[in-house]
Amino acid sequence: MPDPRIVPFKKKKGISDDLFQRLLEKGKDHDISTIYPFDPVKIVIAEWVNLKCRYGCTRYNTNWSCPPATPGPEQAQRIISEYSLALMLVGSKNYQNFCLENTKKRAVQVRCWKGTIVMERMLFLAGYYKAFSLVGECCGLCKQCSFPKDCRFPQEKRPAVESFSIDVIGTLHNLRLATQIALNKTDTFNYYGIILLE
Ligand code: SF4
């Protein structure tokens, strides 16, 4: 029987090159091409993001990963202040009508969602016991979310980045990462997730 492996808890230690490479490799399987480590104080939280969820989004009050099921702006700010490191996960895609709800879009959502959760798990097993994901877009693991009935996959349920009132564009500007809005149905679009760590 192999010796039990003892993994020390990580705290304010950054991420080793080896683990970072393993995360990048795993990300590629899930269409996440880039990972930026950064200080979570650079995350911009704003009340207007929650306003956009409440007014103008069809997902509001229909999905466990979206408001009002998720923490409001003040609680989100408090939660993020408990972390000292964050990873910005970035993927990009190009296909017709990416802005419409369809099978293709859901397949991308699910692949990215699962990849983020897998990476969170890898980090947890490497000693980052506080690792927690905020995933890009709303949860699409089920064709139709069971909300307000119990989630069908609670172990994979996480809040969407925007549901935490995170101004994604403002945060990307803070990180000096170039981005632009996809204006045409054929434009390449980016999607973003965040993993919080200490
Ligand atoms: S796993 Fe299914 S039920 Fe749970 S939040 Fe996602 S879509 Fe909703």
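Colleague: What follows helix 1?
Modeller: Asp31 does, and its phi is positive, near 60°. Keep in mind that this is a predicted model.

Colleague: And helix 1 itself, what length should its 13 residues span?
Modeller: Helix 1 covers residues 17-29, and at 1.5 Å a residue it should span 18 Å. Its end C-alpha atoms are 19 Å apart, which agrees.

Colleague: How many bridges join strand 1 to strand 2?
Modeller: Five, between residues 34-38 and residues 85-93. Ile35 has Leu89 as its bridge partner in strand 2, and Tyr36 stands opposite Met88.

Colleague: What about strand 2 and strand 4?
Modeller: Nine bridges there, also antiparallel, with strand 4 at residues 189-197. Leu89 turns up again: its bridge partner in strand 4 is Gly193.

Colleague: Switching to the ligand. Which residues come nearest?
Modeller: Trp64, Cys139, Cys142, Cys145 and Cys151, out of 13 residues around the ligand.

Colleague: And how does that shell split by class?
Modeller: Eight residues are nonpolar, three are polar and two are charged.

Conventions. Residues numbered from 1 in each chain as written. Predicted model: local features only at pLDDT ≥ 70, side-chain atom pairs only at ≥ 80, totals over all residues. Near = placed C-beta within 6 Å. Nonpolar A, V, L, I, M, F, W, Y, C, P; charged D, E, K, R; others polar. Pairing = 2+ DSSP bridges. Helix = DSSP H or I, 4+ residues; strand = E, 2+ residues; numbered from the N terminus. Expected span 1.5 Å × (residues − 1).
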